[in-house]
Amino acid sequence: TKEGDTVYDPFSGRGTTVLEAGILGRNIASNDINPLSRVLTMPRFFVPDIKAVTERLDKIPYDKNARADMDLSMFYHIDTEAELVSLKNYLKQRSFEGKEDPLDSWIRMVATNRLTGHSPGFFSVYTLPPNQAVTPDRQLIINAKRNQKPEYRDTKKLIVKKSKSLIKNLKKVEIKNLHNAGKRGLFLTNDARNTSEIPDESISLTVTSPPFLDVVQYDKDNWLRCWFNDIDAKEIANNITMSKTIEEWSSVMQDVFLELYRITKKDG
């Protein structure tokens, strides 16, 4: 492709394809039926000033007595949980009022990425696998085996630290390219077989990794991320293609390729 061409990913996930395309000065179209994809992808096109992130975090009201509507004590220290729930409530209110801006969205994205993991850079106690959330019962087993209990994690400090890490290698021209691509870009949450918002013969290149068969339980792996972002995990699971046979999977993908044919340029 050349600058100004449009690069598309119909199963965008965490947005690797479109982010790399944006950095390189391409226009982008991103689609994933899981709304978490948009949460994790779109904010990264609008790279913030670290000072602004810190100031916004300092303005967010934190209630030391805030508690989740479920038991998360196997994952978080009580003070970490209070900070997380306070941040969750703040973002929910901002979204409800239509006031969530790029800074809020960036903080939401980073916090969603830091919910659970296997190092002190995450909000939770040590847990595996990475990028997923085990069940509370499974986490209790991990805690017992490792003889561990959740320690306090400073959520503000970790969000700032991760923000610095995400943008430290970006050049000024790349930040500008990302911003321009994000302003012009499409961020869809459609079934990949029906993306009517994308015009005919407008895509120069599609790069993607299609969904697996029924080996990945998206709702179970993402239950904690869905909770934090007030997304119905069961509804997502019902919408995601979880084919049980090669034939069923191939039939779905054939319809995806028919849609790709419609939107791809003749020399794409």
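Is F75 buried or exposed, given its relative accessibility? At 0% relative accessibility, F75 counts as buried, because buried means under 20% relative accessible area. The close-up views below are taken from a predicted model.

**View 1. The aromatic pair of F75 and Y76.** F75 and Y76 form a tilted aromatic pair, with 6.1 Å from centre to centre and 45° between the planes. Y76 counts as buried because its relative accessibility is 2%. Ring pairs also bring in W223, so that F75, Y76 and W223 are linked into a cluster. In the whole structure, a search finds four aromatic pairs.

**View 2. The aromatic pair of W227 and F228.** The ring centres of W227 and F228 lie 6.4 Å apart and their planes stand at 55°, so this pair is tilted. W227 has a relative accessible area of 10% and is therefore buried. F228 is buried as well, with a relative accessible area of 1%.

**View 3. Arginine side chains over aromatic rings.** R114 lies over the face of F122, at 4.0 Å from the ring centre. R146 is placed over the face of Y126, and here the distance from the ring centre is 3.5 Å.

**View 4. The surroundings of N113.** N113 belongs to helix α5, which spans residues 102-113. Leaving aside residues up to four places away in sequence, N113 touches L40, F122 and R225. One of these contacts, F122, is the residue whose ring face lies under R114. N113 and D221 are 108 residues apart in sequence, and their C-alpha atoms are 13 Å apart in space.

View 5. Strand β1 comprises residues 6-9, and both of its faces are covered. T6 and Y8 on one side are buried, as are V7 and D9 on the other. In a regular strand the side chains alternate between the two faces of the sheet. Strand β2 (residues 27-31) runs parallel to β1 and is joined to it by four bridges. The bridge partner of T6 in β2 is N27. Between these two strands the chain passes through helix α1 (residues 16-23), and this β-α-β crossover is right-handed. Strand β4 (residues 205-206) is also parallel to β1, with two bridges joining them.

**View 6. Helix α1 and what covers it.** Helix α1 is mostly covered, six of its eight residues being buried. These buried residues are T17, V18, L19, A21, G22 and I23. Their cover includes the strands β1 and β2, together with helices α2 (35-41) and α8 (172-184). After α1 comes G25, a residue with a positive phi near 80°.

**View 7. The salt bridge between D58 and K156.** D58 and K156 form a salt bridge in which the closest N and O atoms are 3.9 Å apart. The pair links distant parts of the chain, since D58 lies in helix α3 (residues 50-59) and K156 in helix α7 (residues 155-167), 98 residues apart. D58 has a relative accessible area of 53% and is therefore exposed. K156, with a relative accessible area of 23%, is partly exposed. The structure holds 15 salt bridges.

**View 8. The salt bridge between D191 and R193.** The side chains of D191 and R193 meet in a salt bridge, at 2.7 Å from N to O. D191 is partly exposed, as its relative accessible area is 28%. R193 also counts as partly exposed, at 33% relative accessibility.

View 9. In the salt bridge of D200 with R262, the closest N and O atoms are 2.6 Å apart. D200 lies in the loop between β3 (186-188) and β4, and R262 lies in helix α12 (residues 246-263), so the pair ties together parts that are 62 residues apart in sequence. D200 is exposed because its relative accessible area is 53%. R262 is partly exposed, with a relative accessible area of 25%. Salt bridges that share partners also join R56, R94, D101 and D104 into one network.

Methods: Residues numbered from 1 in each chain as written. Predicted model: local features only at pLDDT ≥ 70, side-chain atom pairs only at ≥ 80, totals over all residues. Heavy atoms only, no water. Contact = heavy atoms within 4.5 Å. Buried < 20%, exposed > 50% of the residue type's maximum accessible area, 1.4 Å probe, protein only. Pairing = 2+ DSSP bridges. Right-handed = clockwise from strand over helix to strand, strands pointing away. Phe/Tyr/Trp six-rings, centres within 6.5 Å; stacked < 30°, edge-to-face > 60°. Lys NZ or Arg CZ within 6 Å of the ring centre and 35° of its normal. Salt bridge = Lys/Arg side-chain N within 4 Å of Asp/Glu carboxyl O.
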